[in-house]
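Q: I have a model open and want to learn how to read it. Can we go through it feature by feature?

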Amino acid sequence: MNEKQLWDKFLETIKEKITPISYETWFKDTYLNKIEENKIIAVVPMQLHKKNLSENYKDVIAETINEITGTNFEFEFLLEDEVNKNNKIFIEEQGVPFNNPEQANLNSNYTFDNFVVGTSNRFAFTAALAVAENPGKAYNPLFIYGSSGLGKTHLMQAIGNYIVKESNKKVLYVTSDKFISDFIGINRKNNNNYDNIDYFKNKYRNIDVLIIDDIQFLANATQSQQEFFHTFNELHQEGKQIIISSDRSPEDLKLLEERLRTRFSWGLTVNIYPPDYDLRMQILKKKLSVHELAKPIEEDVLEYIANNCTSDVRKLEGALNRLFAYTTMFNKEKINLEVATEALKGHLNSYGYIKNDIQKIQSVVADYYKINVEDMKSKKRTNNIAFPRQIAMYLSRILTDESLTRIGLEFGGKDHTTIIHAFDKIDKEIKNDSNLEQVINNIKNKLK
Ligand code: ADP
Ligand code: MG
């Protein structure tokens with residue numbers, strides 16, 4: 001989601017919450033200028049809007065943005081003129097000599113545009129975008145963590161590509177392995193040591209943005225850690241942006257020096273979770289739309305892949321590649337479920353089920369209570385939504401083998417304690433309420 005899309009979504013959502021006339025008057029002609037730190041700066045047509053929006057619509061605006069981004073933002077409303085004035089100052093501030101993707105070690109295929117956003121990665125995405133738009137100012141450092149294949153490298157590279165394109169700041173992307181080998185290079189004998197030191201210092205200090213991927217590998221390299229510590233400090237003091245990724249949180253990087261870990265949490269730490277079913281489907285569709293070998297695929301084939309490939313986006317992509325390679329090799333014209341199961345044998349989890357149980361429970365329960373599944377996965381607390389949600393959580397708990405974490409994820413990234421709470425609550429209510437027991441039985445029958 002870029003900024004324009006974010007604002008479009010915001011307008012669309014807030015429109016539902018207020019009267020048409022207030023929407024027309026106060027919101028229709030606003031647009032987003034930029035996201036800065038934790039503040040959204042929006043442009044409004046008249047002075048009057050500023051006052052009214054910040055006094056009378058403050059709460060609904062904040063709530064709506066929170067629904068969309070999962071983050072609490074502050075707002076500033078500016079007039080067009082004021083924004084133009086600000087921009088001028090902004091341009092004058094940047095004076096770094098050169099930049100380009102090759103020197104930065106960036107792969108231009110990784111962009112924000114082709115990163116598909118869902119519940120599990122929205123926070124990370126939003127933070128990444130904020131940093132890209134305001135390097136050194138928004139969150140410093142930005143620390144992104146999550147298991148392998150969930151899009152960390154993609155997001156970091158997207159930040160780099162964005163900055164290189166939109167500013168003349170100098171970016172450097174390296175893996176922590178590369179950092180270590182560059183550092184070891186300094187100390188290697190038979191080399192002109194001074195040149196190496198200069199090279200190293202120049203490479204790592206003479207930049208505006210340092211992106212360092214998979215920092216966990218620094219754990220075993222004590223001296224490189226010290227050097228990284230100095231690099232970090234120097235860049236940070238000068239307000240240069242640092243972006244770090246890891247397969248675990250700063251607290252869990254046990255082999256890293258304490259002083260480094262503390263520094264990592266100075267800025268903002270964001271976690272990427274495994275994608276839920278919807279996001280997996282969306283990612284598949286997105287990858288399909290740009291795949292070189294793409295052939296028409298039946299929807300149930302995509303569902304099959306999304307259902308049996310639950311943990312990792314890299315694996316989802318792999319499934320598509322494998323499917324297309326197979327169908328090209330064996331000259332299959334039509335990609336149906338039969339071809340897909342054959343092609344993906346051994347690649348996917350071998351559950352082999354076609355429908356995702358949790359997803360089915362959600363849609364049957366939502367149907368029963370005449371609400372939509374999106375609301376069920378949202379944060380809305382009104383009883384007409386919260387109650388069916390708890391029923392669906394309860395049923396997911398008793399009818400599937402999925403872990404609490406997985407169930408939480410499929411309900412819009414809820415914590416496992418929320419699932420336990422829902423389970424206990426419904427379990428107790430059933431015992432005291434024979435009507436509810438009947439309802440649950442009806443729903444169970446529909447699920448059969
Ligand atoms: P990580 O660095 O976390 O191990 P990567 O960034 O290398 O993961 O992602 C693995 C692959 O999955 C990449 O090809 C990346 O483009 C893709 N990918 C991950 N998340 C998304 C997403 N949300 N939208 C589109 N592609 C994604
Ligand atoms: Mg990576």
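Q: By class, which residues make up the shell around ligand 1?
A: Sort the shell by side-chain class before looking at single contacts. In this predicted model, the shell around ligand 1 has 8 polar, 6 nonpolar and 4 charged residues.

Q: Which of the 18 residues around ligand 1 come nearest?
A: Here "around" means having a heavy atom within 4 Å of the ligand. Val116, Gly149, Thr153, His154 and Glu317 come nearest.

Q: What polar atoms of the protein lie close to a nitrogen or oxygen atom of ligand 1?
A: Look for pairs of N or O atoms within 3.5 Å. Start with the oxygen side: a polar backbone atom of Gly149 is 2.6 Å from an oxygen atom of ligand 1. Gly149 is also among the residues that come nearest to the ligand. Next, take nitrogen. A nitrogen atom of ligand 1 lies 2.9 Å from a polar side-chain atom of Lys287. For Asn121, an N or O atom of the side chain is 3.3 Å from a nitrogen atom of the ligand.

Q: How much of ligand 1 does the protein bury?
A: Compare the ligand taken alone with the ligand in place. Alone, ligand 1 exposes 550 Å². The protein buries 93% of that.

Q: Why does ligand 1 lie between domain 2 and domain 3?
A: Check which domains give residues to the shell. Domain 2 (122-271) and domain 3 (277-343) both do, so ligand 1 lies between them. Over C-alpha atoms, the centres of these two domains are 34 Å apart. The chain's other domains are domain 1 (3-85) and domain 4 (357-447).

Q: Where is the cis peptide bond that involves Pro141?
A: Read the omega angle. The bond joins Asn140 and Pro141, with omega at about 0°. Pro141 is in the loop between α7 (122-133) and β4 (142-145).

Notes: Residues numbered from 1 in each chain as written. Chains lettered and ligands numbered in written order. Predicted model: local features only at pLDDT ≥ 70, side-chain atom pairs only at ≥ 80, totals over all residues. Heavy atoms only, no water. Polar contact = N/O pair within 3.5 Å; in protein donor to acceptor, adjacent residues only side chain to side chain. Areas by Shrake-Rupley, 256 points an atom, 1.4 Å probe, with all protein chains shown as cover. Nonpolar A, V, L, I, M, F, W, Y, C, P; charged D, E, K, R; others polar. Domains from an automatic or database assignment. Helix = DSSP H or I, 4+ residues; strand = E, 2+ residues; numbered from the N terminus.
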